[in-house]
Amino acid sequence: MSLEEPGPRDVGLTKAGEVNYDELEALLGDAVLDRETHLNAEAFVIRPDAVQDTLSTLKEEAGFDFLNCVTAQEYQDRYETIYHMTKYDDRTQEVGVVVPTSKDDPVSESAEPVFRTADWHEREAYDLVGIEYEGHPDPRRILLPDTWQGHPLSLDYDQTKPQIVTLRENRNPLQEDQRLNDDSDTMLLNIGPHHPATHGVLHVEATLDGEQVADVEPDIGYIHRCEEQMCQQGTYRHQIMPYPDRWDWGGAGLLNEWAYARTAETLADIDVPEYAQVIRTMSAELSRILSHMLAVAAYALDVVGDFTATFMYGMQDRETVQNILEDLTGQRLMFNYFRLGGVAWDLPEPREEFFEKIRAFIDDLPEKLEEYHNLLTSNEILQVRTVNTGRLEPEVAKSYGATGPVARGSGIDYDVRRDDPYGYYDKLDWDVVTEDGCDNYARLLVRLQEVEESAKIINQCVDLLEDWPEEDRTIQANVPRTIKPEPDTEVYKSVEAAKGELGIYIRSDGTDKPARFKIRGGSFSNLQTLPEMAEGEYIADLIASLGSLDTIMGEVDR
Amino acid sequence: MTLSDTIAGLLGLNADDPLHFFVAAILASAIVGTFMLVNVAIAGPWAKRKITAAFTDRIAVNRIGPFGLMVIVADAVRLLSKELIVPEKVDRPAWDLAPLLIAGSALLGFAVIPMGNGIQVADPEVGLAYVFAVASLASVGLVMAGYASNNKYSMLGGLRAVAQNLAYEIPLVLTGVSVVLFAGTLQLGNVDAANTIVGAQQATLATIGGIAIPSWYAFVNPFAFVLFLVANLAEVGRNPFDTPEAPTEIVAGYQTEYSSVYFVLMYLGEFIHIFLGGAIVATIFLGGPAGPVLPGIVWFLIKIWAVFLFTQWARSALPRVRIDQLIEIGWKGMLVLSFANLILTAIIVGVVV
């Protein structure tokens, strides 16, 4: 690196390739009011009217092309929006942009013109916290009904106030069928919230021109369960860990638990024993296989049809994995196996039998995957259906903050497991799968190949665990019974969950419960790309594209 | 000798008297209709589940009765006892008539199908034309159902269904016509009636190792056979051509709003159509009810169930094509191929005969 000419991307970097925050501060000029230190990165406090300038400078000149998450919160004396920024090229380079606004006039500039992903994030911030964003193209509520009174995460919100949300008060989408103009023959079609292909309670308002999709708008929030608020009411040590399982019922619970574990361990400065890290890595990858198998199987439902054999094959292969995870965690869906500082308990005895089970699954896997390739990816009809449909160009995907298989299917070489290593991943031999197709087919291929990579990781973990000396099997670090981080410690950490990057922001207030707990669900940002993929295509492709995103509403609505 | 004549004879009715013959024909129709409905009853709630389960490594119904067969009764009671929900603002007469039309039109087709052992209600000279005509009546029913349901999914499904049926009806009929060129008649006839479509297939095509291969049109012109099977899949709306229903896209298409007994009728209609498709395939390509050792009716059943099995297999294994691709395959592919087949047949007939 040092031999190359310093390009625009190198602005704000030290010689060692780390973020040079002083240089960044100079770059941003007088927009910066102050500087804060978060555990994951430095953050600049900026003027509320300089959001777009700041973000686009960071994006264009310093290479921070990934607006990872937007956290909004209310303090006693102010509102605050934090833009967590990083780079698709290097996940370890992070910077926070803190935008304070006054209590009386909580308005700051919208970041939407710089990053499309800010659209939904800022709507959520308005919805739950009550900050308004000037210049936002669509300043509506997103999770709660339009008729909701107040902002639930604001300090003066009256939780006891009854909220009447009748169906009548909601806009009836059937009233205006003709959306474009009076002469057009468009028809508004409500796909969901109950529909065979929406993978949960998602409501897609599709405006059709014949069979073609003229406009799509995902309407989310049907399964909003106040997960963030619930986490804020739980203690760090034990009470929060069960929740992440509930953000993904597709089998990826362990991956989600890791997101909380990683964030809280960074916050409380806990080191996880190596043995526990290997177990975590192995079980998390089993979890990923569960999720990806479900995605592939459900995709077969979407594209092949209701009576497809592929779906049941997928279910059966998941069954094997679920049995293994049941042996390990005692649960088949809501695992709750990770603990701060390690895992709940050691591998089941007899260990040889457990390893044998995993080995048998890994050994059978290539043959099974071959069958999926025969039934799906090498089928001409499926190729006609998926190749070049639901296109998501890399630049568009980046602007929307797409991650996970969706980003990798658009050729973006980005995987938190490798780019910001955690667990035992950096010591194992595996590859990040990318496909350049940018279409539905590429996303399907990525998932199938990632199952292979996960199997590789699991295999190596089993090798390690088999030879692990018995006296060195520490499954949990020594963690204090009550965790009380220093007041006003802020941290944002993420892991590579099944659907994409799952990030968690925690601000502590000196008690044993978080003052603010913000979840960045990978599906939230991925789902936002749906209109880009589906508009102008056929309704069948809309369904296929939606399926290829593999969204799970648990982490979209939270 | 049709079944109506036989019954007239058995009851001592005068077959030349129109009133007497009408009574006999009604009785014959009732027998054939009931027979086909029994097939459908086995196929719908039981065989289809068992077959799909076999393809997908499951067990399926096995709780009630031997092999789970009594589920047929249980399901019939369950479906009929459900509430018939009539959505607001449905176009009433059309909405009610559509299921009847869909189920009825397919049953009508069986009137001329020779099922072996003298089971054939009538044998008009325009038999084949009649079968195609009544079978395509179902398209009207689908449009009625789609349009009258006051539901956008139904509307989309109805439009898809009619577009699809138009695109595949013509190749289907054209391929059927190629058989007519061979046989020189539209009359379906029977195994022992020489100058009919079925009768003409009984001649020996070739003898291989002492086994006489009959000149079934599937052997004489395999190209037409394959073409017909594919067009038939589209006609009955099974994968890869189940686009009009496409449950994961448009919920259930034209049958979205039908519940209870109307749902049964819709479903019934679909299955009778599959069997009618199988019966047409058997009659014009597989020698009708002919076959060694076993009686004709058994061979007929084997053949129509084989076609049914084929549709279920396709359903489990093949992805669904998109509506525009489906129309493209129909108009740009199948139509051209069926014309080519027609010309090919004409040349074969012209040169050989």
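Chain A is divided into domain 1 (1-169) and domain 2 (227-557), with bounds taken from an automatic or database domain assignment. The model is predicted: local features need pLDDT of at least 70 and side-chain atom pairs count only at pLDDT 80 or more, while totals for chains, interfaces and linings use all residues. Residues are numbered from 1 along each chain as its sequence is written, chains are lettered from A and ligands numbered from 1 in the order in which they are written, and side-chain values use heavy atoms, with hydrogens and water left out.

**Interface between the domains**

- The centres of domain 1 and domain 2 of chain A, taken over C-alpha atoms, are separated by 26 Å.
- In domain 1 of chain A, 37 residues are in contact with 36 residues of domain 2 of chain A; contact means heavy atoms within 4.5 Å.
- The two domains of chain A bury about 3,100 Å² between them, 53% of it on carbon and sulfur atoms; buried area is the accessible area (1.4 Å probe) that two parts lose on being put together, summed over both.
- On the side of domain 1 of chain A, the residues that lose the most area to domain 2 are A:Tyr88, A:Arg91 and A:Trp120, together 24% of what that side buries.

- Two salt bridges are counted between domain 1 and domain 2 of chain A, each requiring a side-chain nitrogen of Lys or Arg within 4 Å of a carboxyl oxygen of Asp or Glu.
- A:Arg91 and A:Glu501 form a salt bridge through their side chains (2.9 Å, N to O).
- Strand 3 (66-74), strand 4 (78-86) and helix 3 (118-128) of chain A each give two or more residues to the side of domain 1 that touches domain 2; helices (H or I, at least four residues) and strands (E, at least two) are DSSP runs, numbered from the N terminus.
- Strand 3 of chain A gives the most to that side, with eight residues.

**A residue in helix 9**

- A:His373 belongs to helix 9 (residues 351-377) of chain A.
- A:His373 counts as buried because its relative accessibility is 18%, buried being under 20% relative accessible area, exposed over 50% and partly exposed in between (1.4 Å probe, protein chains only).
- Leaving aside residues up to four places away in sequence, A:His373 touches A:Ser378, A:Asn379, A:Leu445, A:Leu448 and A:Glu452.
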